Amino acid sequence: MGINFEFDRKNKDIIGKFFFTASFIILIYMLITPLDHLILHVDEYFTLTLINFDVGEMISLTAADVHPPLYYLILKFAMTVFGFFGISPHSIYAVRIVSIIPYAIIMLISYFKIRKEYGWLTTGLFMFSLGVMSQFFFYFLIARMYSWAILFMLIAFIYTKEIYTKGDLKYWVIVTIASVLAAYTHYFAAISAACLFLILIWYVIFKNRSQIRNLCISIVAGVLLYAYWILTLFAQLNAIHQGFWVPRITIQSLIEDFGYYAYCNNIFFACIAILILLAIIYMYKKQLTDKYNVDNLYLLTGLGVYVGTIVFALVVSLTYKSILLARYLIPASAVLWLSISILTNKIEDKKIMKYTFALICLLLIVGTGYMISSNITMYNEGMAKENLFNEITQDENASLILARPNGEIYFLDYSDRVDTYCIKYTYVFNKTSKQLHQTFNFKDIQENDISNLVINNTNRHFYLVNIMTWGDLNLSPQINKTTLLSDQGIEISKLTVKEPEVNNTEN
């Protein structure tokens, strides 16, 4: 005799509470994981270097890196506060906490707002998906802007529902401010916010013209609030057009983009994710009786933000310059998961609900497995970098040679811990060598002099950090270059002088 499980209110609450509790465990794990003390991504070196500068210089360097500045300002403020408690600015853990905070805030919003409006199942499913699906866990952990972009984009989307149901100006204000903050955090979050506003424009024009005044106020306020960065944005667009590292779009990468909300970097699972999403939407559609209601419009808004972000980026990539990279879809993916979680809870047909929940559980199981395996990989790679840099910084005879502007701006933070040489460039991320010397302690060197430096100082141990995409250095044939680490485009090598060849020719 089989078990006849029914998705009634009580059982939905039990399932939702289980997922929410699991999400809280994920939050605790984020705070205590060994990953908190390791560099997980090469861009984190840039972050750690950047917070050594004052605010004005940070904004300038951020612009040179083709990113908006808000995350770095948040981090700078947080690290300044932590400094009052004696926490070192080199503390990876303190930097991690700043990235984890948005997950905790979203959990509070889910408990106090989403739970009241949609129940435990939506709340638990949504929070758990943000812990295990796609690359959410990774981007809630690393010292980059993604977690804050997720938070701001979600706030904008959550309060869009209040515009649909109540239309008060205060909700337009919340959506506008959250959208602007998202745009100041990541450019793809800005694209997602723009897609959200395009849907709002459509809603006002075709469904609720009484909101035209509020819409106009919102758009004008948004433009004014973002005006400070618009000239910088145009300059960055020109820089992108001249050269940008994002690879060209292929059919495979596009499929992975559409399935990124659930799984990443695997076309098979991306296809499954797309099919499951379409199946969930289709099954929900079968039970609809009303041609139009606010809830359905809201769910379609979440789907529209995700698909619209991809379509917009695709058009730009095909007509201007390739910009579409899967990880940039993280903020839009969070919005889509909230829509999926609400949609799942709203299904009333018991048979359809069972099928839908089974499909979502399939995604969650695969996502959990991927998260666990990727955490193991991140730990191993992070430990390899940590051990290598510990070896370098603890060696009194070690010297670090930073090649290429990217290598310099990423790793200059080590200059107060190890003897450091930088190839002298006119500008390094909009900064002259003289300006960099005001913040960091390093020695200038010409690229052609590196070989002589190594040859004439055989008592020292030289380690070269190079950006592989920029090509190799022109070193003397007398120099041995032994690669110690090659990870995410960064190559770290040890430079030694070749032993003279012994002439074994017999007389």
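The exercises below work through the helices and strands of one predicted model.

The model is predicted, so local features need pLDDT of at least 70 and side-chain atom pairs count only at pLDDT 80 or more, while totals for chains, interfaces and linings use all residues. Residues are numbered from 1 along each chain as its sequence is written, and side-chain values use heavy atoms, with hydrogens and water left out.

**Exercise 1. The whole chain**

Task: State how many helices and strands the chain has, and compare its radius of gyration with that of a compact globule.

Solution: 
- The chain has 19 helices and 6 strands. Helices (H or I, at least four residues) and strands (E, at least two) are DSSP runs, numbered from the N terminus.
- For 507 residues, a compact globule would have a radius of gyration near 23 Å; the value for the chain is 26 Å, which agrees. The radius is taken over C-alpha atoms, and the globule rule is 2.2 Å times the number of residues to the power 0.38.
- Along the principal axes, the C-alpha atoms fill a box of roughly 100 × 60 × 50 Å.

**Exercise 2. Helix α15 and its contacts with α6 and α14**

Task: Describe how α15 (residues 330-346) packs against α6 (residues 120-132) and how α15 packs against α14 (residues 294-319).

Solution: 
- Begin with α6: its axis and that of α15 come within 8 Å and cross at roughly 150 degrees. Axes are lines fitted to C-alpha atoms, for helices over the stretch in contact, and angles run from 0 to 180 degrees between N-to-C directions.
- α6 and α15 are therefore roughly antiparallel. Angles under 35 degrees count as roughly parallel, over 145 as roughly antiparallel, 65 to 115 as roughly perpendicular and the rest as oblique.
- The residues that meet include L121 and F126 in α6, and W337 and I342 in α15. Contact means heavy atoms within 4.5 Å.
- This contact of α6 with α15 divides into 8 nonpolar, 5 polar and no charged residues. Ala, Val, Leu, Ile, Met, Phe, Trp, Tyr, Cys and Pro count as nonpolar, Asp, Glu, Lys and Arg as charged, and the others, Gly among them, as polar.
- Turn to α14: it packs on α15 at about 150 degrees, with the axes 8 Å apart, and the two are therefore roughly antiparallel.
- Among the residues in contact are D295 and Y306 of α14, and L336 and K346 of α15. By class, the contact of α14 with α15 has 11 nonpolar, 4 polar and 2 charged residues.

**Exercise 3. Helices α8 and α10**

Task: Find the angle between α8 (residues 146-165) and α10 (residues 187-206), and sort the contact residues by class.

Solution: 
- The angle is about 5 degrees, and the axes lie 10 Å apart.
- That makes α8 roughly parallel to α10.
- The contact includes M153 and F157 of α8, and L196 and Y203 of α10.
- The contact of α8 with α10 has 12 nonpolar, 2 polar and no charged residues.
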